[in-house]
Amino acid sequence: MAKIKLTKNEQKVQKDALKMYKRYLPTLTLKKQQLQTEIRTIEAKAKEVRAQRAQLEKEFDEWISVFGEAEAFKPEMVTVQNIRKGTGNIAGVTIPIYEGADFSRGDYDLYETPLWIDLAADRMEKALSLDLEAEVLDEQVRLLNKELRTTTQRVNLFEKVKIPETKANIKKISVYLGDEQVAAVVRSKISKKKLQAASDAKKEASE
């Protein structure tokens with residue numbers, strides 16, 4: 001605990017600081033709760049997106065196996081050209097928002113490849129899009145977790161350090177000022193008694 005001045009001015013400074021901590025603490029606590037809720041929501045969404053991706057891959061493999069020409073489709077036939085992202089804001093944190101992607105398809109001979117290749121490419125694009133969406137959701141969680149750590153540290157600082165410390169400082173100053181006031185009264189009474197005694201002695205000497 002830092003050394004403080006035991007004065008009325010310092011007492012006011014400490015009281016003002018305590019008011020500020022108590023005013024901001026509920027806001028920080030609310031922000032912490034909001035971040036926790038949003039993180040859980042986004043994590044659940046990411047899990048759902050990955051489940052969709054896994055289901056799509058399962059259906060894709062089963063679908064291709066029906067044709068007995070699985071080797072005809074090559075993953076490199078579909079590539080990501082551009083990822084479209086916007087921005088959003090949660091509890092003051094700027095986060096990326098997945099808005100879609102542009103894909104390109106490699107050249108392949110329409111006469112030498114099976115008719116289902118185009119359908120397979122469509123499904124591959126959807127699978128890649130789900131992968132990209134999950135990655136953006138992961139980035140949202142990372143950014144919000146970072147802000148949550150900072151906010152939690154501030155809440156703990158106010159609750160466990162600043163507010164108790166300031167209250168202790170105010171009490172210490174109040175006790176000191178109270179003792180000083182009592183001491184001043186005692187000194188005043190002693191001084192009055194001495195003056196009265198001196199006055200009485202002077203009167204007796206003059207009689």
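Which residues touch the most other members of the largest nonpolar core? Of its 18 residues, these are Leu35, Ile42, Ile90, Val93, Ile95 and Leu144. The views below belong to a predicted model, in which local features need pLDDT of at least 70 and side-chain atom pairs count only at pLDDT 80 or more, while totals for chains, interfaces and linings use all residues. Residues are numbered from 1 along each chain as its sequence is written, and side-chain values use heavy atoms, with hydrogens and water left out.

**View 1. The chain as a whole.** The secondary structure consists of two helices and two strands, and along the sequence these follow the pattern α-β-β-α. Helices (H or I, at least four residues) and strands (E, at least two) are DSSP runs, numbered from the N terminus. Of the 207 residues, 30% count as buried; buried means under 20% relative accessible area, exposed over 50%, and partly exposed in between (1.4 Å probe, protein chains only). Among contacts (heavy atoms within 4.5 Å) with a separation of 6 or more, 77% join residues 24 or more positions apart.

**View 2. The largest nonpolar core.** A nonpolar core is a set of buried Ala, Val, Leu, Ile, Met, Phe, Trp, Tyr and Cys residues joined through side-chain atoms within 4.5 Å. In this core of 18 residues, Leu35 and Val93 are among the members that touch the most others. Helix H1 (8-67), strand E2 (93-105) and helix H2 (117-206) each give two or more residues to the core. The largest share, eight residues, comes from H2. Leaving aside its neighbours within four places in sequence, Val93 is in contact with Leu35, Gly88, Leu143, Leu144 and Glu147. A second, separate core of eight residues includes Leu18, Leu28, Phe158 and Ile170.

View 3. Strand E1 (residues 78-90) and E2 pair in the antiparallel sense over twelve bridges; two strands pair if DSSP finds at least two bridges between them. Ile90 stands opposite Val93 in E2, and Asn89 stands opposite Thr94 in E2. The hairpin has two residues between its strands, and Ala91 takes a positive phi near 55°.

View 4. Apart from neighbours within four places in sequence, Gln140 is in contact with Ile42, Ile95, Pro96 and Ile97.

**View 5. The aromatic pair.** The structure holds one aromatic pair. Rings of Phe, Tyr and Trp (its six-membered ring) pair if their centres lie within 6.5 Å; planes under 30 degrees apart count as stacked, over 60 as edge-to-face and the rest as tilted. The ring centres of Tyr21 and Phe158 are 5.1 Å apart and their planes stand at 55°, so the pair is tilted. Tyr21 belongs to helix H1 and Phe158 to helix H2, and the pair thus links distant parts of the chain, 137 residues apart. Both Tyr21 and Phe158 are buried.
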